[in-house]
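Let's take a walk through a protein model together.

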Protein chains: 2
Amino acid sequence: MSVLEEVVRTIRTPDPAIAAHTQALLNGKTKPRASLGRLEEVACRIAAIRGSPTPPLPEKAVVVMAADHGVAAEGVSAYPQEVTRQMLSNFASGGAAINVLARHAGARVVVVDMGTIEPPPSAPGILSRRIGPGTRNLAREPAMSRAEALAALDVGIEIARELTGGGVTLLGIGDMGIGNTTSSSALAASWTGAPVEEVTGRGTGVGDEGWGRKVAVVRRALEVNRPHPWDPLDALAKLGGFEIAGLAGVVLGAAACRVPVVLDGFITGVAALAAVRLAPAAADALLASHRSVEPGHRIVLEALGLRPLLDLELRLGEGTGAALAMGLVDAALRILCEMATFDSAGVSDSGA
Amino acid sequence: MSVLEEVVRTIRTPDPAIAAHTQALLNGKTKPRASLGRLEEVACRIAAIRGSPTPPLPEKAVVVMAADHGVAAEGVSAYPQEVTRQMLSNFASGGAAINVLARHAGARVVVVDMGTIEPPPSAPGILSRRIGPGTRNLAREPAMSRAEALAALDVGIEIARELTGGGVTLLGIGDMGIGNTTSSSALAASWTGAPVEEVTGRGTGVGDEGWGRKVAVVRRALEVNRPHPWDPLDALAKLGGFEIAGLAGVVLGAAACRVPVVLDGFITGVAALAAVRLAPAAADALLASHRSVEPGHRIVLEALGLRPLLDLELRLGEGTGAALAMGLVDAALRILCEMATFDSAGVSDSGA
């Protein structure tokens with residue numbers, strides 16, 4: 001049995017009785033029932049995933065995977081392709097937005113080179129797990145072979161296992177890759193059936209002409225590659241990217257270890273959708289951090305059955321939204337473990 | 001000149017050139033322009049209020065004011081009135097939701113007794129600034145005299161001055177008072193002209209019958225008291241509460257000291273509206289933390305010209321939403337001071 005198969009078989013739907021137990025504990029706290037709204041929902045969800053009605057504050061990490069995309073040759077991005085590699089170095093030296101926001105959340109950042117065109121200068125902060133020097137151009141041919149997609153999934157599974165084995169109990173995921181919104185739009189169209197124009201946005205900031213080009217490229221990618229309708233690996237290989245497949249692996253590995261995964265924006269949403277196509281119960285291990293400006297994100301979140309916690313008009317990626325939402329997850333769990341009860345505080349309870 | 005008059009004359013609209021300077025600094029950071037969305041907006045707004053393009057991380061406090069309301073006699077709340085006093089003790093001993101969330105945000109909690117029916121047992125954590133043993137029943141007569149409303153405003157101004165004088169540079173405000181959503185609905189209807197049913201909600205959780213009673217009580221309050229249409233002090237005195245007037249004073253005092261104020265839900269929104277009726281430029285010192293479940297909150301935020309950062313279905317009060325949003329304010333300011341620039345990180349900038 002392959003690593004992937006083994007992991008997919010391990011993933012289980014969490015026990016709803018644990019969430020109910022957590023809600024009962026929250027109902028005893030000195031506040032009107034359910035008055036902390038979605039914060040209470042988050043506490044219950046984390047409890048169910050972790051398998052404990054009162055999970056301790058999590059040890060947190062954000063896995064940021066970067067790779068290059070052959071489709072960048074079609075002029076679908078506002079930035080030159082070398083930016084992927086440059087940003088890997090920026091992540092390693094701690095100067096990117098994700099470094100700042102992860103520090104703020106008390107999360108460590110795990111930076112993974114899944115395959116930029118040129119390898120970045122080796123730095124202690126970068127895990128080198130290169131599948132190749134960027135994918136091929138999905139507008140002309142399959143972006144990856146099936147073997148490459150499987151290798152990328154395995155990398156993600158392995159990283160999730162190592163981190164959870166080392167004590168991490170809350171994972172965020174983030175992406176970096178010039179061209180990767182184009183790849184994600186193609187995957188989203190393929191998996192949700194939504195019209196290409198509705199899942200294609202402006203990425204890092206292309207204008208109207210660039211947007212029209214992106215839509216045409218995504219259409220061409222779907223025609224050229226004809227992804228198989230019920231074989232998720234087929235679409236993932238043909239239309240995906242090394243980092244997207246790797247992040248799907250992180251989701252699967254974490255779900256198998258009962259560790260919740262906080263998604264970021266559109267690209268990580270598509271990676272999660274890949275994971276859920278492979279193992280539907282993995283959806284129960286997910287939390288949506290924010291609703292991105294990318295129009296396809298809404299459609300992907302609906303397909304995942306998730307409601308985001310934040311709506312801050314972010315469109316950066318890197319895991320920035322995930323890091324911001326981790327602060328809310330901590331807040332929810334602190335409410336659960338630190339608040340007084342009606343009994344302990346001598347406050348009259350109306351039961352309302 | 002009274003304290004209130006002096007403060008109202010001091011409040012100035014922030015200089016938009018400072019916000020523009022901050023945005024220019026953010027545009028040099030290693031990310032697509034404006035890709036951190038509303039987080040960038042928050043950084044610019046705080047900078048303008050503070051009068052510095054790169055304000056340091058704020059020293060934070062949440063002022064929670066509590067008082068009783070004579071209108072509770074009309075059966076408008078799901079909780080007995082003694083809960084106001086019990087919760088004051090809970091705030092003082094650190095067990096309430098606001099204590100947990102303020103700790104999480106790194107903010108201190110300043111608890112003020114503005115006038116519960118019975119004074120709470122004296123505790124080092126409670127500032128006693130009692131205007132009286134609760135307001136009178138606004139459904140039958142004015143809740144406060146004009147002198148009481150002015151005294152409550154002065155208390156708030158004084159507390160804001162002391163805190164900002166002691167180094168606090170970001171204030172949150174929160175409320176506690178059984179019956180205070182009824183008072184807030186009456187004020188919101190009076191100041192916005194919105195229909196009573198649209199600004200009246202379920203508070204801590206009354207059922208359909210209780211809601212009908214609340215609507216009738218608010219209507220009666222408006223008929224009995226006939227608040228003066230352009231004298232904000234008149235409505236505040238007749239329909240308000242000691243804590244609502246006190247929090248309006250906190251907003252005015254903070255705005256005069258160029259310290260931003262993070263609002264919480266419906267009651268603090270109404271308090272801010274009182275402040276803005278007295279000094280329109282105070283609106284520029286405000287940040288809306290979240291959109292509450294209370295239907296009147298949306299209408300009040302529109303009247304204030306504010307968009308909330310969070311939409312978590314909170315309906316607790318106490319400043320809980322304000323404390324949660326303080327984490328986002330810190331994140332925004334850390335982005336501004338800690339992120340690398342395209343130049344410093346050697347990343348290619350497309351200008352997109």
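We'll start with the parts of one chain, move on to the place where the two chains meet, and finish with a few single spots.

Before anything else, keep in mind that this is a predicted model. Begin with chain A.

How do the two domains of chain A touch? On the domain 1 side, 19 residues are in contact with 29 residues of domain 2. Putting these two domains of chain A together buries about 2000 Å², and carbon and sulfur atoms give 65% of that. Within domain 1 of chain A, the residues that lose the most area to domain 2 are A:L4, A:I11 and A:R38, which together make up 32% of what that side buries.

Between domain 1 and domain 2 of chain A, the count is 9 residue pairs in polar contact. On the domain 1 side that touches domain 2, the elements giving two or more residues are α1 (3-10) and α3 (37-50) of chain A. Of these, α3(A) provides the largest share of that side, with 8 residues. The rule also finds 1 salt bridge across this interface. In chain A, the side chains of A:R161 and A:E6 form a salt bridge, with their closest N and O atoms 3.2 Å apart.

Now look at chain B, at the residues with those numbers. B:E6 and B:R161 meet in a salt bridge as well, at 3.3 Å from N to O. This pair ties together distant parts of the chain, since B:E6 is in helix α1 of chain B and B:R161 is in helix α6 of chain B, 155 residues apart. B:E6 has a relative accessible area of 36%, so it counts as partly exposed. B:R161 is partly exposed too, at 29%.

Next, zoom out to see where the two chains meet. Here 55 residues of chain A are in contact with 56 residues of chain B. The area buried between chain A and chain B is about 4400 Å², with 61% coming from carbon and sulfur atoms. On the chain A side, A:Y79, A:H104 and A:L312 lose the most area to chain B, together 13% of what that side buries.

Which charged pairs can you find across this interface? The rule finds 4 salt bridges between chain A and chain B. One of them joins B:R103 to A:E338, with the closest N and O atoms 2.9 Å apart. The count of residue pairs in polar contact between the two chains is 20. Several helices of chain A each supply at least two residues to the side that touches chain B, among them α4 (82-93) and α14 (320-338). It's α14(A) that gives the most to this side, with 9 residues.

Two more pairs here are worth a look. A:R307 and B:E313 meet in a salt bridge at 2.7 Å, N to O. This pair crosses between chains, from the loop between α13 (295-304) and α14 of chain A to the loop between α13 (295-304) and α14 (320-338) of chain B. A:R307 is partly exposed at 45% relative accessibility, and B:E313 is partly exposed at 34%. Then there's A:E313, which forms a salt bridge with B:R307, again with 2.7 Å between the closest N and O atoms. Why do such pairs form at all? Side chains of opposite charge can pair when their charged atoms come close.

Let's end with some single spots. Is helix α10 (residues 232-239) of chain B mostly covered or mostly open? It is mostly covered, with 8 of its 8 residues buried. Those buried residues pack against several helices of chain B, including α1 (3-10) and α12 (266-278). B:G193, on the other hand, sits in the loop between α7 (180-192) and α8 (196-199) of chain B, and at 60% relative accessibility B:G193 counts as exposed.

Finally, check the cysteines. The count over all chains is 0 disulfides. Take B:C337: the nearest cysteine sulfur, that of B:C44, is 13 Å away.

Conventions:
Residues numbered from 1 in each chain as written. Chains lettered and ligands numbered in written order. Predicted model: local features only at pLDDT ≥ 70, side-chain atom pairs only at ≥ 80, totals over all residues. Heavy atoms only, no water. Disulfide = S-S within 2.5 Å. Contact = heavy atoms within 4.5 Å. Buried area = accessible area lost by both parts, 1.4 Å probe. Polar contact = N/O pair within 3.5 Å; in protein donor to acceptor, adjacent residues only side chain to side chain. Helix = DSSP H or I, 4+ residues; strand = E, 2+ residues; numbered from the N terminus. Buried < 20%, exposed > 50% of the residue type's maximum accessible area, 1.4 Å probe, protein only.
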